[in-house]
Amino acid sequence: MAEIYLNNKYLGTVDNPASFVEDIKDSRRKGDVSQYVNVHLNEQTDEVRLFSDAGRTQRPLIIVKEGVSLLTEKHIEQLEQGEITWLDLVRQGVIEYIDAAEEENALVASIEEDMTPEHTHLEVSPGAISGMATALVPFGNYNQSSRLIIGSKNQKQSLGFYAANYHIRMDMDSNLLHYPQFPLVKTKIHDVAEYDQHPSGQNMVVAIMCYDGYNMEDGVILNKSSVERGLARSTYFKPINVSELRYSGGLMDEISVPDKDVKGYKSEHDYRFLEEDGIVYPEAKVCESDVVIGRTSPPRFLSSLDEYNLSAVVRRESSVSLKHGERGVADFVVLTENEEGNKLVQVRLREERRPEIGDKFTSRHGQKGVTGMLIPSADIPFSTSGVVPDLIFTPHGVTSRMTVSHLLELLGGKVGALSGRLVDGTLFESEKEEVLRDELLQSGFREDGTESFYDGRTGKKMLAKIYVGNMYYLRLRHMVANKMQSRARGPIQLLTRQPTEGKAKEGGLRLGEMEKDTFIAHGASLLLKERFDSDKVQVPVCTQSGLIGYYDARKKQLISPMLGEDADMAYVEMSYAFKLLLDELKAMGIYPKLVLEDKY
Amino acid sequence: MKHADLIKEYEKDLPLAVLDEISALIPTSATKPQVKKIVEETILLYKQARVHAGECVGLVSAESIGEPGTQMTLNTFHFAGVAEMNITTGLPRIIEIFDARKTIKTPMMEVFLKAPNNKDIEKVRQFALQIKATILDELVAEYAINIFDQTLILRLHKELMADYGLTEKDLLKSLKTRTKGYNVSSGDGEISFTHKGKAEEIKELYILKEKIRAVKMKGIKKITQVLPVKRGDEYIVLTSGTNLSDVLELPEVDPTRTFSNDLYEVRAVLGIEAARQAVMNEVFKVIESQGLNIDVRHIMLVADIMCVSGEVKGITRYGIVSEKASVLARASFETPIKHLVNASLEGEVDKLTSVVENVMMNQAVPLGTGLPGLVTKMK
């Protein structure tokens with residue numbers, strides 16, 4: 001007597017749970033029950049759990065009966081002829097979808113040879129145990145699993161041909177790789193996912209070697225000449241949205257070139273790219289502080305009196321201009337309405353991004369690196385046949401991470417390039433290394449993939465043989481151009497008068513508490529004081545009351561808050577933050593009396 | 001010693017330990033001017049090795065302990081050579097010591113025995129069992145309540161009793177005082193309790209059972225576990241739970257080496273100098289077990305600071321931080337409002353003599369380049 005639950009709700013009992021479960025499975029395979037129904041028999045608790053709800057992940061498996069796969073040679077033939085499709089196999093009960101619960105009752109064989117009479121299912125492909133992105137890593141089964149995960153994560157950040165209609169889209173921050181290529185070493189998933197329709201990398205000639213240390217600690221060296229010919233070049237798109245907001249009293253924003261009498265008018269130079277409608281003209285090369293969309297807003301605090309006195313109403317400038325360090329070309333302008341029916345202007349900026357020092361690159365094996373140097377082709381080592389690598393990768397990156405697939409892809413890529421074919425690196429079903437080596441030998445190269453190299457600068461032959469081949473490299477979307485920032489002087493915070501923080505506010509890098517400690521530990525007190533002078537002020541302090549006074553410009557003298565004009569005042573240098581602390585103490589009702597003393 | 005007199009002349013310039021070392025190392029063939037030269041050279045080196053005025057040793061110590069601390073594996077419970085005994089080490093223990101916690105996670109002692117006894121494992125084991133606090137519950141195999149007779153019967157572990165060297169009589173003796181109002185009798189490995197006079201409720205027997213369970217039969221209070229271990233060529237006893245004063249009174253114990261890891265207990269029993277050494281030893285033990293390399297002098301400084309007042313004080317807002325002279329320095333550590341309000345009530349004056357308050361005001365810190373002042377003669 002087993003209890004039956006449907007979607008975790010009690011339904012009733014059944015005397016023979018095993019045959020009940022089999023019946024349901026059979027009806028599903030016949031098509032009487034939906035393929036989305038799964039059943040799980042728990043023998044320990046004597047429960048049968050049926051599931052038909054949404055949100056479970058299912059995966060397809062080939063059904064095995066008495067140690068024989070139901071998928072026959074005939075099926076495969078028909079599939080190849082195009083007579084039947086995948087869905088027909090599901091309908092015929094050759095393939096079924098099972099969920100995590102039902103999988104507990106199943107014994108799945110990875111490959112056909114492993115099957116025994118106990119097995120209930122067979123994997124469609126042994127690589128089906130991995131997800132989509134993971135299956136895109138070639139030769140993945142030669143790797144440590146953690147590297148596989150990193151490799152699949154990196155691919156999600158790569159630049160590519162993300163949408164064919166990119167030129168009419170208004171995506172937030174999108175990147176487009178120029179001349180994307182299909183990988184020389186592919187997996188079956190690349191075909192299934194139609195990767196040739198949206199590739200995201202380029203097949204580069206990669207040499208695994210050192211070169212003056214510019215690729216140490218996960219750096220990569222790029223061939224400057226290749227980059228100049230368009231290697232890994234991309235375009236960065238960034239939209240700017242401006243809408244006309246409505247305010248109380250029927251007042252509205254207005255998108256237009258602001259008049260000169262508007263409050264906060266910048267300078268004529270800043271508005272030079274605007275057309276009569278207040279929007280930049282396409283193909284205008286804008287940079288830092290140039291206005292992209294001109295806009296004026298009604299005054300902020302309108303008193304009831306001002307409403308009648310129109311002459312007093314001065315509109316406020318609220319144009320959108322490029323921030324510090326930004327630049328680009330006005331690419332595309334859209335005039336539309338937002339959800340509330342207000343006028344909305346979108347301007348897309350375009351910027352060509354050539355690879356530069358600091359840009360991030362990766363292979364598909366979790367071997368990411370940052371460009372350390374761009375070297376002209378003439379100075380880069382070249383092979384006997386005159387091949388110059390596009391990218392130089394460091395050998396130290398391989399030993400500790402044990403990414404064998406990285407090395408195999410290099411070999412496979414070389415074979416593919418020489419034979420003019422695509423090499424298959426599908427998980428567990430990849431082409432064998434020996435076969436690839438053999439093919440390489442047939443092509444007239446050393447079978448281990450190494451070649452003699454000559455230093456481009458001296459022409460001298462290198463002592464070591466260099467492992468060189470073709471690899472699919474991806475450009476990742478972390479580019480220095482978006483992150484680089486510096487400051488010597490700049491904006492400060494209103495409250496503390498200390499420099500602002502963060503790139504968006506053109507902020508400084510904080511010399512924090514522990515950094516301060518290192519100065520003290522070195523005994524560099526006076527240097528430390530100068531580092532903290534960013535908010536230094538000189539305040540007049542009353543020597544009698546010990547309170548901070550002020551300078552009365554009309555009377556041209558210092559005033560003490562307690563003793564007035566007759567006080568003996570002295571200027572004291574302190575940090576503004578400390579002055580703020582004194583003010584806060586006063587607000588607490590504490591009298592912080594400064595006792596002054598002559599400095600010398 | 002050949003040049004003892006000569007070396008003695010330098011007593012004011014060098015510490016005695018250094019002078020002793022010199023006189024031990026000087027070859028007998030050395031002439032007087034040679035010895036003089038050696039000592040003078042030593043004085044020079046000694047002076048150079050000393051910390052300069054204005055060197056902020058505290059901060060350097062803090063950094064030197066703090067930085068390796070970041071590499072310490074958190075929460076490693078590591079077995080000090082033996083199973084069964086779990087001792088807090090790693091960062092949790094370091095924090096425990098520097099905070100000078102009153103109750104520590106795993107109090108323990110290392111009991112050393114005097115010469116003839118410490119080589120014989122059997123004797124050491126016997127001693128260990130002797131000091132272990134044994135409660136009745138451990139000796140009882142079964143508690144039985146006879147509802148009909150209204151009696152509570154304890155069946156005892158005979159072998160265990162023999163191991164501990166206890167007899168039924170001993171048990172009866174220590175139990176009798178606790179069980180007034182009951183008739184207690186024993187025989188054949190059993191102890192039975194019957195209510196004197198008319199028994200009221202069976203519940204009372206249950207209460208009695210729970211009451212007598214934890215009654216100490218033998219050993220030293222608070223020592224819950226003992227473990228004899230080999231240390232070098234002798235056997236010592238590790239205990240979990242500490243009771244230094246009672247253990248030191250035992251004649252077998254070597255009081256010069258036995259110690260506890262409870263700083264307050266060491267302070268109470270052995271005095272503040274011992275507590276200072278205990279802080280150093282305990283911290284150093286952890287650092288060593290983590291394979292880190294921190295100069296002892298940094299730890300010495302911390303131990304000194306913790307013990308200067310004569311009591312062990314932690315580096316907390318209730319401990320040594322509360323003794324800082326500057327209000328602003330105290331306020332910048334923890335609970336600023338409390339310190340500022342109290343200071344204002346007392347009319348405290350901050351002389352701005354230490355680091356934090358000067359950093360706050362953007363003044364030169366009185367250390368290193370900020371220390372020297374200028375003296376001029378005004379005409």
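Let me start with the conventions: residues are numbered from 1 along each chain as its sequence is written, while chains are lettered from A and ligands numbered from 1 in the order in which they are written. Since the model is predicted, local features need pLDDT of at least 70 and side-chain atom pairs count only at pLDDT 80 or more, whereas totals for chains, interfaces and linings use all residues, and side-chain values use heavy atoms, with hydrogens and water left out.

Of the 600 residues in chain A, 44% count as buried, meaning under 20% relative accessible area with a 1.4 Å probe and protein chains only.

Now the domains, whose bounds come from an automatic or database domain assignment. Chain A is divided into domain 1 (2–124), domain 2 (140–233 + 357–475), domain 3 (235–353) and domain 4 (513–588). How far apart do the C-alpha centres of domain 2 of chain A and domain 3 of chain A lie? The answer is 45 Å, and yet 15 residues of domain 2 of chain A are in contact with 12 residues of domain 3 of chain A, contact meaning heavy atoms within 4.5 Å.

In chain B, the centres of domain 2 and domain 3, taken over C-alpha atoms, are separated by 44 Å.

Key:
Buried means under 20% relative accessible area, exposed over 50%, partly exposed in between (1.4 Å probe, protein chains only).
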